[in-house]
Amino acid sequence: MTQVEINHEKHESIAPATGMGEVHLAVTDAGRALEFYRDVLGLDELSADGGQISLGVGSKVLVVLHPGASAPVVPNTTGLYHLALVVPSRRELARFIAKLFAMHYPNSPTDHVMTKSDYLWDPDGNGIEVYAETPEDGSWFMSDMGFGAMTTDGQVRSGRDPIDLETLFGELGAEDRVEDPLPPGTKMGHVHLHVRDVDEAVRFYTGLIGFDVMGISRRFGAAFVSAGGYHHHLGLNIWVGAGASPSPDYAAGLRHFTIEVPTGSDLSKVRERLKAGGAHSLDDSATDFFVADPSGNRVHLIARSA
């Protein structure tokens with residue numbers, strides 16, 4: 001049992017090999033959403049079953065679409081800020097951004113120093129980040145002063161500067177086909193949520209789920225939590241307003257996201273913490289269950305191997 005200190009309270013950490021799995025999204029129009037996630041984002045359509053559409057890379061499902069929402073994402077509600085797909089290299093990020101530029105699809109390439117990211121939105125307003133890990137460039141930090149970054153040569157940066165695209169596109173060669181789908185090795189890197197209260201969300205995701213806090217800033221209204229020392233598996237923010245209400249059921253947006261623990265034993269530990277903390281799981285089984293966080297965001301916890 002690993003004990004860590006956070007906000008003067010000890011908690012049991014979730015298994016270090018924990019990661020993020022598929023994200024389920026409600027969308028208004030099946031055809032339009034499929035065209036975006038397949039042709040713009042670059043995921044492969046893997047199946048269409050019971051009205052839902054599963055997309056991913058190889059055989060790994062990353063995004064599941066649930067058509068039938070009657071309105072786009074409702075602003076100023078809790079739910080998804082963005083899902084974040086991590087690609088294997090700068091070169092693959094360069095290829096992805098070059099494709100969006102060629103398609104004239106709106107996007108925002110951003111240099112977080114430790115990662116290089118591009119942000120875009122689907123037709124219903126669901127947020128998406130595609131990023132590459134670049135820790136050789138430096139690190140980032142979050143404190144009560146806010147969010148920032150430092151390069152390896154000691155320069156303090158905002159962590160939100162535009163990417164130097166000329167340098168990034170220098171990674172591409174004549175053989176790179178920008179129209180190709182996202183490459184093998186792409187995975188769900190993290191999920192970033194709108195919540196109603198940062199401290200409340202941190203208590204849930206650390207004390208009950210078992211993530212560790214990697215950074216928290218009440219002034220900035222955000223926190224990062226993770227397993228195994230990763231920079232963040234979950235982002236939590238109140239940027240749509242403290243005390244925000246959940247999105248209405250009829251609207252597009254987050255249905256649920258997935259946390260994958262390594263084994264059934266790891267899952268049992270999370271389940272017991274949730275029960276001890278008064279959180280009630282749904283559809284409970286030996287290999288998976290659902291639970292809702294205090295802001296109404298639904299979480300699917302699964303064991304990769306029972």
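A residue counts as buried under 20% relative accessible area, as exposed over 50%, and as partly exposed in between. Keep those cut-offs in mind while walking through this predicted model. Gly138 is 16 residues away from Gly154 in sequence, and their C-alpha atoms are 8.4 Å apart in space.

How far can the model be trusted? The protein chain has a mean pLDDT of 94. Of its residues, 97% reach 70 or more. Residues 1-8 are another matter, for there pLDDT stays under 50. For this stretch the model has 16 contacts beyond four places in sequence.

Now go inside. The largest nonpolar core has 66 residues. Which residues have the most contacts inside it? They are Tyr37, Leu43, Tyr205, Ile209, Phe211 and Phe257. Helix α4, residues 198-208, gives the most to this core, with 6 residues.

Phe257 is then in contact with Met20, Glu22 and Val23, among others. Its contacts also include Val191, Leu193, Tyr205 and Leu234. Arg298, Val299 and His300 complete the list.

Leu254 is placed in strand β19, which covers residues 253-263. Not counting residues up to four places away in sequence, Leu254 touches Val23, His24, Leu25, Gly79, Leu80, Asn126, Leu193 and Asn297. Take Leu193 from that list. Leu254 and Leu193 are 61 residues apart in sequence, yet 9.4 Å separates their C-alpha atoms.

Next comes a pair of helices. Helix α4 packs with helix α5, residues 264-276. The angle is about 130 degrees, and the axes are 9 Å apart. What word describes how α4 and α5 lie to each other? They are therefore oblique. From α4, the contact is made by Phe204, Gly207 and Leu208. From α5, it is made by Val270, Arg273 and Leu274. By type, the residues of this contact divide into 4 nonpolar, 1 polar and 1 charged.

Asp122 lies in the loop between β9 (115-121) and β10 (127-133). Is Asp122 buried or exposed? Its relative accessible area is 5%, so Asp122 is buried. Leaving out residues up to four places away in sequence, Asp122 touches Val27, Phe36, Tyr37, Tyr105 and Ile128.

Turn now to the backbone. Most residues other than glycine have a negative phi. Asn76 has a positive phi, near 60 degrees, and is not a glycine. Its place is the loop between β6 (60-67) and β7 (79-86). With 53% relative accessibility, Asn76 counts as exposed.

His104 also has a positive phi, of about 60 degrees, although it is not a glycine. Where does His104 lie? His104 is in the loop between α2 (90-103) and β8 (108-111). Its relative accessible area is 73%, so His104 is exposed.

One more loop ends the tour. Arg177 is found between α3 (165-169) and β15 (187-194). Its relative accessible area is 45%, so Arg177 is partly exposed. Gly159 is 18 residues from Arg177 in sequence, and the C-alpha atoms of the two are 30 Å apart in space.

Conventions:
Residues numbered from 1 in each chain as written. Predicted model: local features only at pLDDT ≥ 70, side-chain atom pairs only at ≥ 80, totals over all residues. Heavy atoms only, no water. Core = buried A, V, L, I, M, F, W, Y, C linked by side-chain atoms within 4.5 Å. Buried < 20%, exposed > 50% of the residue type's maximum accessible area, 1.4 Å probe, protein only. Helix = DSSP H or I, 4+ residues; strand = E, 2+ residues; numbered from the N terminus. Contact = heavy atoms within 4.5 Å. pLDDT = per-residue confidence, 0-100. Axes fitted to C-alpha atoms, helices over the stretch in contact; angles between N-to-C directions. Parallel < 35°, antiparallel > 145°, perpendicular 65-115°, else oblique. Nonpolar A, V, L, I, M, F, W, Y, C, P; charged D, E, K, R; others polar.
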